[in-house]
Amino acid sequence: VMCGYLLVYMLSGISLWAIFFSTKLKYATDKHSKELSDFSSLTKSNNVLAVFLVVVFLSLAGFPPFVGFYAKMSVFTAAVEASMYFVTIFAILCSVVSTYYYIRIIKISYFEQTTAGNLYLPLNRSLALIITTGCFLIVWLFINPNTLYLFCHNVSLFGSTG
């Protein structure tokens, strides 16, 4: 259970950080940090990157058409089977709170209007490859979760032979 959970969230985290680092403003400013308003014109400047951002956030939130749903469901199921009901309820409540923040960023990137659009630098190939591969795996591993389960099973067998 934990191997699959860690792999899914590692994949989602790498994809999210690649998207985050790829959104560099074209015109440099004095600030060295990003704000949520920086994502407000992402759909206008790079619609594919905005869709990938939604895919990653919905997977992190655990929505069903993405592999993050399987990861959260397996952890919650394992906790219930171990009779850890209060821990499960607390984890579900924390998941709901985090989902609010994920959806807030999606709302900002799609529905908030700015007076001046942000212009972003074009993506370099390595970041584009990381983002595309990560988002493809997030969707594909939901459609075919046996690959993830088989990989985790082989990892656990390899770790127990030593």
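Predicted model: local features only at pLDDT ≥ 70, side-chain atom pairs only at ≥ 80, totals over all residues.

Colleague: At what angle do helix α1 and helix α3 pack?

Modeller: Two packed helices are described by the angle between their axes and the distance between the axes. Here helix α1 covers residues 2-22 and helix α3 covers residues 47-61, and their axes are 10 Å apart. α1 passes α3 in a left-handed crossing. The packing angle is about 145°.

Colleague: How do the residues of the contact of α1 with α3 divide into nonpolar, polar and charged?

Modeller: From α1, the contact draws on Y9, S12, S15, L16, I19 and S22. From α3, it draws on L49, F52, L53, V56, F57, S59 and L60. The division is nine nonpolar, four polar and no charged.

Colleague: What span should helix α6 have, and how far apart are its end C-alpha atoms?

Modeller: Helix α6 runs over residues 125-143, which gives 19 residues. At 1.5 Å a residue the helix should span 27 Å, and this agrees with the separation of its end C-alpha atoms, 27 Å.

Colleague: Which residues in α6 are buried?

Modeller: Buried means under 20% relative accessible area. In α6, the residues that count as buried are L127, I131, G134, C135, I138 and L141.

Colleague: Which residues does L36 touch, not counting residues up to four places away in sequence?

Modeller: L36 lies in the loop between α1 and α2, and its relative accessibility of 32% makes it partly exposed. L36 and I108 are 72 residues apart in sequence, yet their C-alpha atoms are 7.2 Å apart in space. The residues touched by L36 are R104, I105 and I108.

Colleague: Is Y9 buried or exposed?

Modeller: Y5 and Y9 are four residues apart in helix α1 and therefore separated by about one helical turn. Y5 has 28% relative accessibility and so counts as partly exposed. For Y9 the relative accessible area is 17%, so Y9 is buried.

Colleague: What kind of pair do the rings of Y70 and F142 form?

Modeller: Y70 belongs to helix α4 and F142 to helix α6, so the pair ties together parts that are 72 residues apart in sequence. F142 is partly exposed, because its relative accessibility is 22%. The ring centres of Y70 and F142 are 4.8 Å apart and the planes lie at 20°, so the pair is stacked.

Colleague: Which residues do ring pairs link into a cluster?

Modeller: A search of the whole structure finds 10 aromatic pairs. Ring pairs join into a cluster the residues W17, F20 and F21.

Methods: Residues numbered from 1 in each chain as written. Heavy atoms only, no water. Axes fitted to C-alpha atoms, helices over the stretch in contact; angles between N-to-C directions. Helix = DSSP H or I, 4+ residues; strand = E, 2+ residues; numbered from the N terminus. Left-handed = near helix turned anticlockwise from the far one by under 90°. Contact = heavy atoms within 4.5 Å. Nonpolar A, V, L, I, M, F, W, Y, C, P; charged D, E, K, R; others polar. Expected span 1.5 Å × (residues − 1). Buried < 20%, exposed > 50% of the residue type's maximum accessible area, 1.4 Å probe, protein only. Phe/Tyr/Trp six-rings, centres within 6.5 Å; stacked < 30°, edge-to-face > 60°.
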